[in-house]
Amino acid sequence: MAFAIEVPGESVPLGPQQVYQALQSAGSSQQLHIQTGTQQLQAWETQRGYYTLLQAVYHDKSLPTEVRYLAIIQLKNGIDKYWRKTATSALTKEEKAEIRQHLIVGGIEEADTNLALQNALVVAKVVRIDYPLDWPNVLTNLIKVLRTAHQTNQLHLRRGMLILLQVVKELSTARLRTSQTSLQSITPEIVFLLNEIYTQKVAQWIGFLNGNGDDEGGAMEAMENSLFAIKILRRLLVVGYEYPNHSKDVQQLWEASQHQFGQFLEMVSREPPFLVSPAKDLVEKHLLQFSKLHVQMSSTHPAAFALLPSSLDLVRAYWGLVVKFGESYGSATHDFSSKAMDQDENTKNQRPVMEKLCLKGLTLLRACLKMVFSPAHSFKYRSAEVKTEQQEGVALIKAQLLTDELICQMANVIVTKFFVFRQVDLQAWEEEEDEWEIREEGGGDTWEFEVRPCSEKLFMDLVINFKHLLVDPLLSFFQSVAGTDQASVVTKDAVYTAMGLSAPVVFQSFDFDSFLTSTLVKDVQQAGPGYKVLRRRIAILLGQWITIKISEQNRPLVYQIFQHLLKKEDETNDYVVRVTAARQFKAVVDDFSFAAEGFLPYAPDFLDRIMALIQEVENTETKMAILDTIRVIAVRLENHVSPFADQIVSILPGLWEASGEEHLLKQAILTLMSTLVTAMKDQAQRYHALILPLIQRAVEPGSEMQIYLMEEALDLWSTILAQTPAPASSDVLALVDSAFPLLEIGSDNLRTVLNIIESYILLAPEAMLGDGVRLRLVSYMANLLGVKKRDLAGLVTTIVENMIRAAEALGGSNGVTLIAKDLHESGYTDKILEGLRDAWEAHQTAGPNRRYPKLDDVVETDYFTVLARLALADPSVLITIMNSVGNASEVWSWLSTEWFRHFDSMANIDRQKLSCLAITRLLELPPPMTPVILSRLQDYFAMWTSVITEMSTGRDDGDDNLIWVSSEGHEHEGPEDIRKRLHGAHDPVHTVHTFKFVKERLAGVVNVCGGDEQFQRDWAANVDKDVLGGFQRLGTQIHNDPATFWDRRD
């Protein structure tokens, strides 16, 4: 079919021919054609009829397979984007109905397996969204297809089951109750039909295998169809029933699964082999489906599993399989020579299905233990009958399955069979050191996929829950290798594995310190074939026991053992042994009882060897693990790390360059540098030339490094500022320019950026208040004033407060005036007054018309705090600000009302005192402001009484609760700690005595008003007697002097 290539961006009408051409172009091997076709397909995505045409291309079997495949993929992607009703440019109801109409037919008649699978996935996605409301009959239609095709058309049967499998997979993950209930309502009918199909197909291919018939093709087809059936059935038995054990169909299928599991297992295990591939592979897949059914039933419906027929016998059978597999799991020769390894090579991958079934058996046993000892809790309502039934299931498992004999046997088999270090393990160690070490380190969910990690998890479950049974046998087992050279490397490795895993349980009964000195010290010095296995295990064992129970006296011995394990000169300490020792040593230094002084004699040699090791390592993950060990050493050594810092830092540039695009390693390097800077405090300045350029590159907007390294770089930047003494170098100060673009991003790192700005103001106030920086900073703070997050809003307020205080300290009244001017011109103070005005207006409303202010109490406190800082520094500045938005007298009228009202909402006593001092300073203003301010005299007296009472509560010396006693700090203070301590100590809130401050200002305003008598006549006469009396009593209580304050005369 000929077609023309359209240039990108040219408008092309939507039609069948055009869609075909675009798909063919997008699937071309030429880049220009691919780009053109892809752009055209994207342009059509939101056009009506596009997805119907894609489906038509898929259905046209005359077209190339590649084009049809691309069409169904595009349709599948479109369903994800546009099928839901709430999606932007969602498909119309009519187009969706048209597509649904052809989905099933287009799937069951498709001969190509890959195309049929993609269509089945499309059906499943549509069902997930539309079933049951918009496509209620989809499952009924699938049942009809299967019932009709069962005896007549095997292709239709196989494709129908493929679609049903994908639909059940999708619906099994649905969380909407409607979808779950609808699936459960039709499950019995589907199960009945699939059971019939499965039974007939299995009988067909088993008959052929037993010599009844010669239709090999039909038998293979029957195998594939029975496999599809069991795949669907095992999911429906788990998700299709609320209580599976209540269903007769489930009970029958459950018993049949156990019978056939044994039958199929015998087929694949028969010697000489009874089956060959591909028939053997298909039978093995049937076995795995049965095992998945058993495991999923035990984890999803534990009570039902326990109560289903013969479940306990099933678990015992699995355990028998595990025991049998254990006989061949470990190496029988215990010979670590290359000859033995070559002999074992042919058996290392033998019978993989048996290993998979063994893994399922171990997982099933874990599930049984969880049922009894760690049952899953649910908020779902359960009737009394169901609760009783579940309790019976648990009791059944506990009493009849988990017998003392079985528990002891399980522990014994796991330790003696599955903890054995195998020949194939050693071979993998030798062939791929890095990969093997990382795989063995494992962690997480590897136990679900590997026999040994799973057996370790099961062993821990047993030891924790059956301590009374297993501690004594384990102790005897441990003693069997204590102080003897008779046990082989393999045996000791298994014993030490059990000893490490059981440490939290046996530590009170087992004297590990004696074992360490008598046995481990000797074992770690043994050399020769295989002893590297034991050395690796000893490193792991010490890492497990160090946090449990190793005496302080034996800590140096532990250090010496690790020191020995890190020696490259010793041939037995190969790469894996040394990397394992480096990893495990992190646990040693991270232990709560670690003492830096005791480790210092060993530190130089340790760090030498670990840093030499990291140069050998090529794998990024391993490098990061070793760097983390170095980081923890630096953390625990604290200031003692300084002598070794140059040595550590020297390896970092090389690691940084070698990391290339591995940004995780760069993150680890930045984190380590932060640790070193914190530990070394001001001594870390010698690394600024190395660190500051990295920070600048890492926070540069738009750079790739910013995407991956922003958080770590900001933490490092913040740490450097915290540990830099004043005066700061020009390089440190120049970096502040890089902070301003970050304030615009508004990312999750904004809090750290604001902390950095605050640190700069404390470190270099002169530089931060220079014209070049100050104006930009005030502008950004004005933009951030309305930030929603409470902690960020508080930081913005603190920064502005510190700028005002710094301006006052450096420039006095002129400095405050200048910063106030900047705040006004940036709109900062206008926003504050606008918010406070809204709060005042809201508080004037009442009844049905009452409204709430836009500001919450905490933000309002922040706003008043900024005004208070300005007023406390220079009262006239506040008047100037009020005049900038209106007549000062009018602004003071509503502002003072709201300010005095808000005192009761100030949760922070420091803020209360600050506002009290600031408002009191307004009494210093000369006429004509004096009468304006004194119009609120009653509020003044009430405020003074409240705040001074708060300041003097609990004292009998007349002092102020918020006045700090001078402190000399402590030896561990960093430079910024000192700056913050002195900054707080010089704050008027912590230096000014509230009572004396108020007394002096009140006396001053009385004099301005013409003396006591005139003040009484003109102003005090208008104050409520109770308010004035409370204020007078306050003076008496504090100084025992009735005349301390101005005394009212009647």
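Helix α16 passes helix α17 in a left-handed crossing, a term used when the near helix is turned anticlockwise from the far one by less than a right angle, with right-handed meaning clockwise. Helices here are DSSP runs of H or I with at least four residues, numbered from the N terminus. This is a predicted model, in which local features need pLDDT of at least 70, side-chain atom pairs count only at pLDDT 80 or more, and totals for chains, interfaces and linings use all residues. Residues are numbered from 1 along each chain as its sequence is written, and side-chain values use heavy atoms, leaving out hydrogens and water.

Let's stay with this pair for a moment. α16 and α17 (residues 384-401) pack at an angle of about 120°, and their axes are 9 Å apart. Axes are lines fitted to C-alpha atoms, for helices over the stretch in contact, and the angles run from 0 to 180 degrees between N-to-C directions. The two helices are therefore oblique to each other: angles under 35 degrees count as roughly parallel, over 145 as roughly antiparallel, 65 to 115 as roughly perpendicular, and the rest as oblique. From α16, C368, M371 and V372 meet V394, I397, K398 and L401 of α17, where contact means heavy atoms within 4.5 Å. By class, this contact has 6 nonpolar, no polar and 1 charged residues. In this scheme Ala, Val, Leu, Ile, Met, Phe, Trp, Tyr, Cys and Pro are nonpolar, Asp, Glu, Lys and Arg are charged, and the others, Gly among them, are polar.

Helix α16 (residues 352-373) also packs against helix α14 (residues 311-329), at about 130° and with axes 9 Å apart. This pair is therefore oblique too, and the crossing of α14 and α16 is left-handed. On the α14 side the contact is made by V315, Y318, W319, L321, V322 and F325, while α16 brings residues including C358, G361 and C368. The residues of this contact divide into 13 nonpolar, 1 polar and 1 charged.

What about the cysteines? The structure holds 0 disulfides, a disulfide being a pair of cysteine sulfur atoms within 2.5 Å. For C368, the nearest cysteine sulfur is that of C454, 12 Å away. C454 has its closest cysteine sulfur in C358, and because 8.1 Å separates the two, they are too far for a bond. C368 is buried at 0% relative accessibility, and C454 is buried with a relative accessible area of 0%. Buried means under 20% relative accessible area, exposed over 50%, and partly exposed in between, with a 1.4 Å probe and protein chains only.

Now for a residue in another helix. L115 lies in α6 (residues 113-130) and is buried, with a relative accessible area of 0%. Apart from neighbours within four places in sequence, L115 is in contact with Y58, T65, R68, Y69, I72 and E110. L115 and Y69 are 46 residues apart in sequence, yet 6.0 Å apart in space, C-alpha to C-alpha.

T572 sits in the loop between α27 (555-565) and α28, and at 10% relative accessibility it counts as buried. Not counting residues up to four places away, T572 touches Q526, A527, G528, Y531, K532, R535 and V577. A595 is in the loop between α28 (575-589) and α29 (596-599). A595 is partly exposed, at 28% relative accessible area, and touches E552 and Y559, again not counting residues up to four places away in sequence.
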